[in-house]
Amino acid sequence: MGGHQGSTTERLSSATWFSQLCASARRFKSLAPPSSETAVRSTSDDSLVRRLGLFDLILLGVGASIGAGVFVVTGTVARDAGPGVTISFLLAGASCVLNALCYAELASRFPAVVGGAYMYSYTAFNEITAFLVFVQLMLDYHIGAASISRSLASYAVALLELFPAVKGSIPLWMGSGQEFLGGFLSLNILAPVLLAVLTVVLCQGVRESSAVNSVMTATKVVIVLVVICAGAFEIDVENWSPFAPNGFKAVLTGATVVFFSYVGFDAVANSAEESKNPQRDLPIGIMGSLVVCISLYIGVCLVLTGMVPFSLLSEDAPLAEAFSSKGMKFVSVLISIGAVAGLTTTLLVGLYVQSRLYLGLGRDGLLPSLFSRVHPTLHTPLHSQIWCGIVAAVLAGIFNVHSLSHILSVGTLTGYSVVAACVVALRLNDKKERESSSGWTSSWNEGVICLVIIACSGFSAGVFYRFSASVIFLLLSVGVAVSASAVLHYRRAYAQSLGSGFRCPGVPIVPCVCIFFNIFLFAQLHYEAWIRFVVVSVLATAVYAMYGQYHADSTTLIYQRAPESESDY
């Protein structure tokens, strides 16, 4: 009898725990106007400092987006797409512009809150969605930072070896890495040192790190412009014919590859709490940095494919060898310098964004309070920044992180898709009805179902395209997505964007296109990336169930009113 009662009590306890987990997972933050006194934190001891102007934000986005890839990816894709690689970059850029429009609206809605995609999804959807978005993004950031630091070490060594005195004398463990255990472990000393230097710079304050980013970004932009101008005089228009030798499919496939060359403009949204005029500058900074990147990429594509026939392009260093074939070997030196500058800014901004995301979760209680602390003098999230540097340094110093590159981009595409969905969810008129409705009858719930259908259609279309299935299946997937978008559009259940900031045009069509194409790209990733998405989501849910649900603070969104300069405090 006692055993029966005990088992019944255990079942009730398990049911209660699961009910509590479900209730906690559905929590979301209320979005109060920034003017509300209850939604403003004005203390300066736990706030960041507003020192980033519009030009700083544009350079931040450009610094995050353009790395060494501008000198390599352009030629790699051109080998398949031919001169049509220009169209590939235009298509990918157009898709990123649509994503940037969604980011711009949300950055304007949340003009003084750190957290980016995590915070947007916390307010638009619920707590568990926000935590999952954070974990997927953070895994991309950690592995990406380690991989970039290794590439930076390799380029730095290559630059040093241009000097005859040191050529061939630098050991592998300083550059590409000394491999052990069949390549699973790979010792590299220079990458962690570079990460430590950049972490120290970031810990000093946003003014110092912004200055370093501005100088390095300006350097690489100038080098790219010099490369474009120098190559423009060597263009032979005959090399542009045929423009798409392998057909439009090769151009479209190229667009799915080069899409990730634009990733980085979202870093601007994570600087909301350090922007001087966030509601005005963040949307302009996001769009402005993306326009600059598109222009530079297209310029490099036109020059590269015009200088050398696409079939003769080198796979490893296409741009450098194209200039060498024209007798301009000095450009190779510039390209090496530009690659070092590009990778430095990409790594710097990546580490910066990571620390701000950790800061947001620390404030909300989903991570230990250690991550929520801001240094009272430097006004930087010191503990979060050091943690990000340590994780990247350990990965870069010991493991062969380049072998993990095929599971990257999952977090980026997930984040972009959720941000686009957030725009629609926050615009729905009956958001308040969601708080009291227990069924799936409200317009908000119907809207979310439509968004899920669009995402599933995008994945189906991507799979059909990837495995060359019948075009009928591809058109069917597109038709389902169009139908779901039409339902969203013709319901007309949309409110005005909160406040007087930037509004994404064409809602809900623009966000729906973003979701479809982002998930279409997700289907093009290596199958191990799909497994990574599922496994990481399960593990993140377990962490949330064991820790996050008990410590989270889902009260009204807090706007950080930080001092603009040291003189204010």
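A: V114 sits in the loop that links helix 4 (85-109) to helix 5 (117-124). The model is a predicted one. With a relative accessibility of 2%, V114 counts as buried, since buried means under 20% relative accessible area. Setting aside neighbours within four places in sequence, V114 is in contact with M119, N270, E273, R356, L359, G360 and R363. Between V114 and E274 the C-alpha to C-alpha distance is 8.6 Å, while the two are 160 residues apart in sequence.

Leaving out neighbours within four places in sequence, Y118 is in contact with A130, F131, V133, F134, L357, G360, L361, D364 and L366.

For the protein as a whole, the model has 19 helices and four strands. Of its 569 residues, 54% are buried. Among contacts with a separation of 6 or more, 84% are between residues 24 or more positions apart.

The peptide bond from S241 to P242 is cis, with omega near 0°, and P242 lies in the loop between helix 8 (206-232) and helix 9 (247-258). A cis peptide bond also runs from V507 to P508, with omega near 10°; P508 is in the loop between helix 17 and helix 18.

Two residues other than glycine have positive phi. H379 has a phi of about 55° and is located in the loop between helix 12 (330-364) and helix 13 (382-398). S468 has a phi near 55° and is located in the loop between helix 16 (443-466) and helix 17.

Helix 17 (residues 471-491) contains S477. S477 has a relative accessible area of 7% and is therefore buried. Not counting residues up to four places away in sequence, S477 touches S457, S460, A461, F464 and F516.

Helix 18 (residues 509-522) packs against helix 14 (residues 410-427) at an angle of about 160°, and the axes are 9 Å apart. Because angles over 145 degrees count as roughly antiparallel, helix 14 and helix 18 are roughly antiparallel to each other. The crossing of helix 14 with helix 18 is left-handed. On the helix 14 side, the contact is made by V410, L413, T414, Y416, S417, A420, A421, V423 and V424. On the helix 18 side, P511, C514, I515, N518, I519, L521 and F522 take part. Of the residues in this contact, 13 are nonpolar, three are polar and none is charged.

Methods:
Residues are numbered from 1 along each chain as its sequence is written. This is a predicted model: local features need pLDDT of at least 70, side-chain atom pairs count only at pLDDT 80 or more; totals for chains, interfaces and linings use all residues. Side-chain values use heavy atoms; hydrogens and water are left out. Axes are lines fitted to C-alpha atoms, for helices over the stretch in contact, and angles run from 0 to 180 degrees between N-to-C directions. Angles under 35 degrees count as roughly parallel, over 145 as roughly antiparallel, 65 to 115 as roughly perpendicular and the rest as oblique. A crossing is left-handed if the near helix is turned anticlockwise from the far one by less than a right angle, and right-handed if clockwise. Contact means heavy atoms within 4.5 Å. Ala, Val, Leu, Ile, Met, Phe, Trp, Tyr, Cys and Pro count as nonpolar, Asp, Glu, Lys and Arg as charged, and the others, Gly among them, as polar. Buried means under 20% relative accessible area, exposed over 50%, partly exposed in between (1.4 Å probe, protein chains only).
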